[in-house]
Amino acid sequence: FVSGAEKKKPELPPAPPQPMAKSVKVRRGETVEIPLQIHGMRNQTLTYLIRRGPKYGKLSSPTNTTQEEAVVIYEAPMEYGLTSDEFTYAVKSREGVSAPAEVQITITEPPPILIVPDEITFGTTLVGTTATRQLEISNRGGGFAEGMILVDKPWSVASPDNYRITAAERAVFQLTFASTEPGGFTHEGRFSSHPD
């Protein structure tokens, strides 16, 4: 028998919402709040799932901020040389669980902050003798502070007079004063990476 009625195609169930891929920047050792979102709207409470965690940094569990959005907090690693990280997340709705979306993280360096003493006092010395003081410099920022210490006679810096200081590190140099004539002496040292 043949019927004139068309065979009705089965209706496909609605697909789960798709999460949005993200790209964020964070400074080394600091944290960033990353919103997790979907394309469009669903008007239902969604659950966000971390599918693959970051390789280097730390990631909090997702916390819903609205029915359709959540946030995670990513903490960047302190190790130098690491410039990127990533993780993936998916979203669960009444329709099921989505395919994962990727969050790309760029890890940036805070600028170096070179800390030097305001003044080093040598006191009174005899002509023809030397006086030596320690000069300590440190990097309170990030990355590398590097350069040379430049002084004019009658001061000198014991070799080596160059520095390369990573974050939270310090370097100590021997600064010597040796005058061949009497008088008062004042001089400004210069640091080649931060001339000011």
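These are my notebook entries on a few spots I looked up in this predicted model.

**Ground rules**

The model is predicted, so I noted that local features need pLDDT of at least 70 and side-chain atom pairs count only at pLDDT 80 or more, while totals for chains, interfaces and linings use all residues. Residues are numbered from 1 along each chain as its sequence is written, and side-chain values use heavy atoms, with hydrogens and water left out.

**Entry 1: glutamine 37**

I started with where glutamine 37 sits: it is in the loop between strand S2 (31-36) and strand S3 (47-52). Strands here are DSSP runs of E with at least two residues, numbered from the N terminus.

Which residues does glutamine 37 touch, leaving aside neighbours within four places in sequence? I found Gln18, Pro19, Met20, Lys22, Tyr48, Glu69 and Tyr89. Contact means heavy atoms within 4.5 Å.

Next I looked at polar contacts (a pair of N or O atoms within 3.5 Å; within protein, one must be able to donate a hydrogen and the other to accept it, and residues adjacent in sequence count only if both atoms are side-chain atoms). The side chain of glutamine 37 makes one of 2.4 Å with the side chain of lysine 22. Another, of 3.3 Å, joins the side chains of glutamine 37 and glutamate 69.

I also checked valine 91, which is 54 residues away from glutamine 37 along the chain. Their C-alpha atoms are separated by 8.7 Å.

**Entry 2: strand S2**

Val32, Ile34 and Leu36 point to one face and are buried.

Which strand did I find paired with S2 over six bridges? The partner is strand S6 (residues 70-75), in the antiparallel sense. Two strands pair if DSSP finds at least two bridges between them. Proline 35 stands opposite valine 71 in S6.

**Entry 3: serine 98**

Serine 98 lies in the loop between strand S8 (96-97) and strand S9 (101-108). Is serine 98 buried or exposed? Its relative accessibility is 7%, so I put it down as buried. Not counting residues up to four places away in sequence, serine 98 touches Pro16, Pro17, Gln18, Pro19, Ala90 and Val91.

**Entry 4: a four-stranded sheet**

I then traced an open antiparallel sheet of four strands, in the order S10-S11-S15-S13. The edge strands, pairing on one side only, are S10 (114-115) and S13 (155-157).

S11 (residues 130-139) and S15 (residues 170-178) pair over nine bridges. Along that pairing, arginine 133 stands opposite leucine 175, and serine 138 stands opposite arginine 170. S13 and S15 are joined by three bridges, with serine 156 opposite threonine 176.

**Entry 5: aromatic rings**

How many aromatic pairs turn up in the whole structure? I got five. Rings of Phe, Tyr and Trp (its six-membered ring) pair if their centres lie within 6.5 Å; planes under 30 degrees apart are stacked, over 60 edge-to-face, and the rest tilted.

Phenylalanine 122 and phenylalanine 177 have ring centres 6.0 Å apart and planes at 45°, so I logged the pair as tilted. Phenylalanine 122 is in the loop between S10 and S11, and phenylalanine 177 is in strand S15, 55 residues apart. Phenylalanine 122 is buried at 10%, and phenylalanine 177 is buried at 7%.

Tryptophan 155 also forms a tilted pair with phenylalanine 177, at 5.0 Å centre to centre and 55° between the planes. Tryptophan 155 lies in S13 and phenylalanine 177 in S15, so this pair ties together parts 22 residues apart in sequence. Tryptophan 155 counts as buried at 12%. Ring pairs link Phe122, Trp155, Phe177 and Phe185 into a cluster.

Notes:
Buried < 20%, exposed > 50% of the residue type's maximum accessible area, 1.4 Å probe, protein only.
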